[in-house]
Amino acid sequence: MNEQIRVKIADYAVKKEEGMLITVGLGSCVGVALYDSFAKVAGLAHILLSDSTLFKTPSNPAKFADTAIPLLLEQMICIGAKPTRLKAKIAGGSQLFSFERSMTSVGEKNICAVRNVLALLRIPITGEEVGGSVGRTMKLFVQHGKVVISTVGLEEREI
Amino acid sequence: MPELPISEEFKLDVLKEMGNIGAGNATTALSTLLNYERVNMHVPEVDLCPLVDIPDLMGGAEKSVIGIYIRVFSEVSFYAVFLIDFESAQTLVASLTGKKYPVMEEMGRSVLLEVGNIVTASYLNALSHLTNLTFLPEPPLLVVDMAGAILGTVLAETNVAEDYILVLKTAFVTAAGDIEGNFLIIPDQNTLDIIVRLLVNGACQ
C-alpha cells in the first residue's frame, strides 16, 4: 500500500492513508496539493492552463485551474475528505523562458487562477513556492500531508 | 471552389506530412553544418504523441536537458522546440567548432542557439514553398532545466488546444559521437486549419 502515484501533466490523483503523490517537472504549470489531516486524504493536480472558458472545446478538465481543482475536490470527498478541513499547498508557475515582452507570464496567470479558485472554495493556502525561473518537482506524503519541493541542483525542502 | 470537408484523420495526416517535409530539410541543414566529417543520418521518426506523455520524451520528466525555443509568427503561428541532452549538445558543439567549448558557457550556448535557428529556418523554408506563406521566426531562446518543466512550459505558452503534439525524433552519428535530439512542432488550432486548406487547394490545382 505504500506506493507512489505519479501525476502527469494535465492530470490529478487522490490517495488515502499512506504512500506518496508526486508530480515531476512543474515549469509554468502549477501543482496543487490538497490535504485533509483528519481523514488523511490527499490530492494532487498538475495544472497546465488557467481558464477553460477561453477554449471552444476544452477536452480535458484536468488541464485547467477552474475545472481541475473542483474535480480534485470532488474525488477527495468521495474517499472521505471534508471540504472545511482541507488545506492547500502550491508550487510552480515559473517563467523558464525570458521573453522580452512585458505581458503577464503564463506562470503568473496560472498562480493567480489557482489562488482565485482556492479562495472561492474557501481552502486556505498554508505553504507555497511559486514564480522564479526554475522547474520544480513536488511530492505530497499522504500519511502526514508534508509537501517537499526539489529543483535541479538544489536540496529538497519542505513548504 | 467548394470547401472540401476535412476530417480529423486527414488533419492528422497533414500534421505528420508537415513533420516529414520539415524533418528532411532540417536534418539536411544540420548535416551541412557538420560537413567537415562524415555524418550518417537516421530517417527521422515522425509521431503524434499524447500531450500527457510529452514531458517524458527525453527519457524522464526530471532529466536535465537543453531546450531551444522559437516562436513563429505570420498569417499562421506555431512554435518549434529543439531538445537535446547534455552529451549530444557537447558532441554537437565540438563537431561544429572543432573545440571542446563547455556547452553552458557563452560560445557553447551561442552555437546551440544557431543550430536551433538553422534547423527551424530550414524547416520553415520547406513549409513556405508548399504553402506560399511567409514565416517570421523570433530569435531563439535557450533554457536548461528538467525536461518536464521545459515541455510543460512550452505547452502552456502555446495555449495548446490539441491533446496530441507532433514530434520529430532526429538522430545523427558523427565521428565525434552520436547526436540525438527531438524537434517539436506545436501549431495552434487555426494554423492547422489554414495549412490544411492551402495544401488541399494546392494539390487540386
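User: How much of chain B counts as buried?
Analyst: Of the 205 residues of chain B, 52% count as buried, where buried means under 20% relative accessible area, exposed over 50% and partly exposed in between, with a 1.4 Å probe and protein chains only. This is a predicted model, in which local features need pLDDT of at least 70, side-chain atom pairs count only at pLDDT 80 or more, and totals for chains, interfaces and linings use all residues. Residues are numbered from 1 along each chain as its sequence is written, chains are lettered from A and ligands numbered from 1 in the order written, and side-chain values use heavy atoms, with hydrogens and water left out.

User: How many helices and strands are in chain B?
Analyst: Chain B has 5 helices and 8 strands. From the N terminus on, they run α-β-β-β-β-α-α-β-β-α-β-β-α. Helices (H or I, at least four residues) and strands (E, at least two) are DSSP runs, numbered from the N terminus.

User: Which residues have the most contacts inside the largest nonpolar core?
Analyst: B:I54 and B:L184, in a core of 49 residues. A nonpolar core here is a set of buried Ala, Val, Leu, Ile, Met, Phe, Trp, Tyr and Cys residues joined through side-chain atoms within 4.5 Å. Helix α4 (residues 147-157) of chain B gives the largest share of this core, 7 residues.

User: What is B:L184 in contact with?
Analyst: Setting aside neighbours within four places in sequence, B:L184 is in contact with residues including B:I54, B:L57, B:Y79, B:L151 and B:V167. Contact means heavy atoms within 4.5 Å. There's also a second, separate core of 31 residues, and B:A89, B:V115, B:L127 and B:L166 are among them.

User: How many residues of strand β8 in chain B are buried?
Analyst: 9 of its 11 residues, so that strand (residues 177-187) is mostly covered. Strand β4 (residues 78-84) of chain B is joined to β8(B) by 7 bridges, and the two run antiparallel. One of the pairs is B:I84, whose bridge partner in β8(B) is B:G181.

User: Switching to chain A. In what order do the strands of the sheet with β2 come?
Analyst: β2-β5-β4-β6-β7, 5 strands in an open sheet with mixed pairing. Strands pair if DSSP finds at least two bridges between them. β2 (11-16) and β7 (125-130) of chain A stand at the edges with a single partner strand each, so one side of each has no neighbour in the sheet. From one strand to the next, the twist averages 10°.

User: How many bridges join β2(A) to β5?
Analyst: 6, and β2(A) runs antiparallel to strand β5 (residues 41-47) of chain A. A:Y12 has A:A45 as its bridge partner in β5(A).

User: Which strands does helix α1 of chain A lie across?
Analyst: Helix α1 (residues 65-78) lies across β2, β4, β5 and β6 (86-92) of chain A, at about 160° to β5(A). Helix α2 (residues 106-120) of chain A lies across β4, β5, β6 and β7, at about 25° to β4(A). The axes are lines fitted to C-alpha atoms, for helices over the stretch in contact, and angles run from 0 to 180 degrees between N-to-C directions.

User: Is A:L72 buried or exposed?
Analyst: Buried, at 0% relative accessibility. A:L72 lies in helix α1 of chain A, and its contacts beyond four places in sequence include A:Y12, A:A13, A:V32 and A:L44. A:L72 and A:A13 are 59 residues apart in sequence and 7.5 Å apart in space, C-alpha to C-alpha.

User: Where is A:D36 found?
Analyst: In strand β4 (residues 30-36) of chain A, and A:D36 is buried with a relative accessible area of 0%.

User: Which backbone nitrogen does the side chain of A:D36 reach at 3.0 Å?
Analyst: That of A:F38. The backbone nitrogen of A:A39 lies 3.1 Å from a polar atom of the A:D36 side chain. Not counting residues up to four places away in sequence, A:D36 touches residues including A:V41, A:K82 and A:R85.

Conventions
A polar contact is a pair of N or O atoms within 3.5 Å; within protein, one must be able to donate a hydrogen and the other to accept it, and residues adjacent in sequence count only if both atoms are side-chain atoms.
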